[in-house]
Amino acid sequence: MTKSADLPEIAAGVDRRVLTKEIWLVLALSLGASGVAAIISFTGVLTSSKPISGQTAVIVGSRAPGRPWLDLAWQIFAVVTALVPVALVGHLLARGKESFRTIGFDLRDRFRDLGRGTAIAAAVGGAGLLFYIGAHATGVNLTVDPSQLPDDWWRIPILIAVSVQNAVLEEVIVLGYLNHRLDQLGWSVRRSIATSSLLRGSYHLYQGLGGFAGNVIMGVIFGYLYRRWGRIMPLVVAHTLIDTAALIGATYLLGKVSWLPS
């Protein structure tokens, strides 16, 4: 594997310490903090009297039970504020005379990105479902309940919005931004991919060891493809499709099909 084309060296006048601090701050405001929260959550799971597979991890829960309009307002607020770190990354890239285009987050090759993303989603999504079922059966993963939203008109639109938000947040920060900055710090490609993959796994640890391992593997695959194509947009498409299928599919299938843990 080689580094993505047009990934520049450290900008003149910016030292390594400043760039390192920037990375830590971005992660502390976003998925790095989520990783710490997931570790704390999993510690609670391990110290509980219940077996791991007997506990539940909720992906999208109600924020105001019994009050649908207030719940909707909170859901929209959560989606919008979760994307603020992405806007910050865009700002930081622009200050260095770069842009989202530097990491391939744009629409210049949208049809190819859509095709590649759809193919990746079909392969990774199917394998991921089998991995989750196997991990749950062995007792190392919690039962994942993708949605506990009320059966209201806005449930599906919010689930789609959450899927897009997750995809943009994770792929822009953990895949594109982090790998780009680590390149500028002189890290090797393998070390960068390993770091971003472990970070991806860390904030899914609240689902159990299966969620951690499955997302580390997904991170390695996505990292390799990003290095190959120099674009994160196909991975954003893939991630969006995977999450949308999981959230909406499980909403209607959970408890109704015998092979899906509930």
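Author: This is a predicted model. Start in a loop. Glutamine 207 sits between helix 7 (189-202) and helix 8 (209-229). Its relative accessibility is 13%. Buried means under 20%, so glutamine 207 counts as buried. Leaving aside residues up to four places away in sequence, glutamine 207 touches Ala57, Ile59, Asn141, Leu142 and Val144.

Now the nonpolar packing. The largest nonpolar core holds 37 residues. Phe105, Val172, Ile173, Phe222 and Ile232 have the most contacts inside it. At least two residues each come from helix 1 (16-28), helix 4 (84-95), helix 5 (110-137), helix 6 (155-184), helix 8 and helix 9 (233-253). Helix 6 gives the most, with 10 residues.

Take valine 172 as a close-up. Again setting aside residues up to four places away in sequence, valine 172 touches Val86, Val89, Phe100, Ile103, Phe105, Ala167, Tyr177 and Ile232. Two of these partners, Phe105 and Ile232, are also listed with valine 172 among the residues with the most contacts inside the core.

There is a second, separate core. It has 10 residues, including Val60, Val79, Leu247 and Ile248.

Last, the annotation. An unreviewed UniProt entry lists residues 153-244 as "domain: CAAX prenyl protease 2/Lysostaphin resistance protein A-like". In the model, that span is 84% helix and 0% strand. The C-alpha atoms at its ends lie 17 Å apart.

Conventions:
Residues are numbered from 1 along each chain as its sequence is written. This is a predicted model: local features need pLDDT of at least 70, side-chain atom pairs count only at pLDDT 80 or more; totals for chains, interfaces and linings use all residues. Side-chain values use heavy atoms; hydrogens and water are left out. Helices (H or I, at least four residues) and strands (E, at least two) are DSSP runs, numbered from the N terminus. Buried means under 20% relative accessible area, exposed over 50%, partly exposed in between (1.4 Å probe, protein chains only). Contact means heavy atoms within 4.5 Å. A nonpolar core is a set of buried Ala, Val, Leu, Ile, Met, Phe, Trp, Tyr and Cys residues joined through side-chain atoms within 4.5 Å. UniProt positions are given in the numbering used here, feature names are shortened, and annotations may be inferred rather than shown by experiment.
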